[in-house]
Amino acid sequence: MAVSYFMEESRMSDMRDHPLRFKATNELHARPFPIVSASARAAFFAYGNSDDSVDRSNSSDWDHLIQLLDRFGAPHPAPNATHYFGKLGQAWIKWERHTEFTTYTAIIDNLGKVAFDGTEFNIFPADWLNSTPGVRLTSSAIRIESTASTKTIQRHLKSHFVAESLAVSRVLDGAAVIAGDYRIDVHGNLRFSVFVGPTTGRNRIGRIVQRLNEIEVYKTMSMLGLFQARELSSRLSAVDHSMSELVAALSDENVSAEANLDALLEMSAELESNSAQVAYRFAASKAYAAIVSQRIEVLREERFEGVQTFREFMMRRYDPSMRTVQAMDARLQDLIARAKRTGDLLRTRVNVERQGQNQDLLAGMNRRADMQLNLQKTVEGLSIVAVSYYATGLMLYLLAPIPSIFGVSKVFLTAAVAPIVVAAVYFALRRIRKNLK
C-alpha cells in the first residue's frame, strides 16, 4: 500500500501547474495578523490620493517604505510585495499596499507615560511623514491594556472617550473589551482601547487590533462615496425636473417631438457622464461597507455595561450614509432608465409624425403625377393635330399632280387624305408610347 501511495504521489508531482497556482495559494497568507502583547500601543495610519482617483503609483509607495526601512537598517521585502512586517528599532512595523490606499501600523511594547499623548507616532520620522506620496485618509492610536476589572475599564472609558458617541463591546467570547468614540483628538488621531484578560494570547490580541484598523480604514474609504452622492443629488434633481417637464409635454401637439428628443439627448448625455464619474466610487463604497459589516460580525460582540456596541454605533451613525449612497445610485440608474423609456416614446412620436409627413408628401406626389399625366395627354392630343397638319401638307405636295390628271378637286383630295394621315399619326404615336412602357 505504501509503495502504491508513493507511486501515485510521484505521478501527481509530474503534472504541470497553472502559472498562477502558487500565487493564488500564497495570496491567502499574504497578510498575516500582527502579534501584540497585553501592554502595548499601536499607531495606525492610511494614505491615498488627494483627488480621489483610483490610479496609484506603486513605485512611490515602495520607495517610501524602503526609505523608512533604510533609516533603521531593516531588511527589504521581496520586490513587488504588497505586505511587510518587521522590527524597526523598538517597534514592529506592518505595511500593506491596497488598490486605493496604503497603511502603516506601528506596534510598541509599552503603554507610555500618558495615555493617547500622540507619542506612539514618534516611531515615524517627521520628514518621512511629510514626504508621504499621498494624503492621510485616517489615523488612529490604539492602547492595549491588561485588565479584567470592570471598574478599571469604566474609569478609563470616562477619561479617554466622549460618552455621547462611545461604543464598547466584549469581543471574541469575552477575550477582550474594545472601546472607541470615532472622534478625532487634538493630535489628529482617532482613539481606541483594547482591554484584555490575563489569558488572552498575543495572536488573538493582534487579530483584534487588525480588525479595529480594518473597520476604521474601510469605513473611511466607504464614506468617500457619501460626499459624491451629495454633490450628485442637486444635479440629478435638476435633470429629474427637466425630464418631468419634457414627459408632460409629450401630449402637447404644438411642441416639436424632435426638439424634445434633442433636449432628452442632452439629459441622457449628462446622466451617462455622471454615471461614469461615480460608478467606481459607489461600487467601492458598497464593497467597503460590506467589509466593515463582516469585520464587526467576526468580532462576536457582546454588550458591556449597557453601552452601545460597535454594531449599534454603525447602525445609527454609519449605515444611513451607506443607504444614502445606495439610494443615490438607485436614483441615478432610475433616471437613466426613465430617459431611455422617454426616448423610446419620443422616437415613436417622431416616427409617427414623419410617417404622416411622408403620407402627405406621397399624396402631393400623386396629385402632381395625375396633373402631369393629364398634361401629357393634352400634349399628346395637340401633338397629333400638329403632326397630322404637317403630314397632310407633305402628302398633298406628293399628290399634287392627281387633281390635274384625274380631274379631282384639291379640296376633295385634302378631305380624303386628312383622315388617313390623322389615323396613321395616332396609331404611330400610340405604338411609340406602348414601346416606351
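Visitor: Leaving aside neighbours within four places in sequence, which residues is Val-194 in contact with?

Guide: In this predicted model, Val-194 is in contact with Ile-142, Arg-143, Ile-144 and Glu-145, with Ala-176, Val-177 and Ile-178, and also with Ile-208 and Leu-212, once its neighbours within four places in sequence are left aside.

Visitor: And which residues touch the most other members of the largest nonpolar core?

Guide: Val-194 is one of them, together with Ile-144 and Leu-271, in a core that holds 63 residues. Helix H6, which covers residues 202-248, gives the most to this core, with 16 residues.

Visitor: What lies apart from it?

Guide: Another core of 33 residues lies apart from that one, and its members include Tyr-104, Ala-141, Ile-153 and Phe-161.

Visitor: Changing topic, why is strand E6 largely enclosed by the rest of the structure?

Guide: Strand E6 spans residues 167-171, and four of its five residues are buried, so the strand is largely enclosed by the rest of the structure.

Visitor: Which strands is E6 joined to, and by how many bridges?

Guide: Five bridges join E6 to strand E7, residues 176-180, and this pair runs antiparallel, while two bridges join E6 to strand E9, residues 302-303, again in an antiparallel arrangement.

Visitor: What do E6 and E7 form, and what about the turn?

Guide: E6 and E7 form a hairpin that has four residues between the two strands, and Leu-172, in the turn, has a positive phi of about 50°.

Visitor: One more spot: where is Ser-37 found?

Guide: Ser-37 is found in the loop that runs between helix H2, residues 21-27, and strand E1, residues 40-48. Ser-37 counts as buried because its relative accessibility is 16%.

Visitor: Which side chain does a polar contact join to that of Ser-37?

Guide: The side chain of Asp-109 is joined to that of Ser-37 by a polar contact of 3.3 Å. With neighbours within four places in sequence left aside, Ser-37 is in contact with Asp-109, Ile-144, Arg-202 and Ile-205, and Ile-144 has already come up here as a contact of Val-194.

Conventions: Residues are numbered from 1 along each chain as its sequence is written. This is a predicted model: local features need pLDDT of at least 70, side-chain atom pairs count only at pLDDT 80 or more; totals for chains, interfaces and linings use all residues. Side-chain values use heavy atoms; hydrogens and water are left out. A nonpolar core is a set of buried Ala, Val, Leu, Ile, Met, Phe, Trp, Tyr and Cys residues joined through side-chain atoms within 4.5 Å. Buried means under 20% relative accessible area, exposed over 50%, partly exposed in between (1.4 Å probe, protein chains only). Contact means heavy atoms within 4.5 Å. Two strands pair if DSSP finds at least two bridges between them. A polar contact is a pair of N or O atoms within 3.5 Å; within protein, one must be able to donate a hydrogen and the other to accept it, and residues adjacent in sequence count only if both atoms are side-chain atoms.
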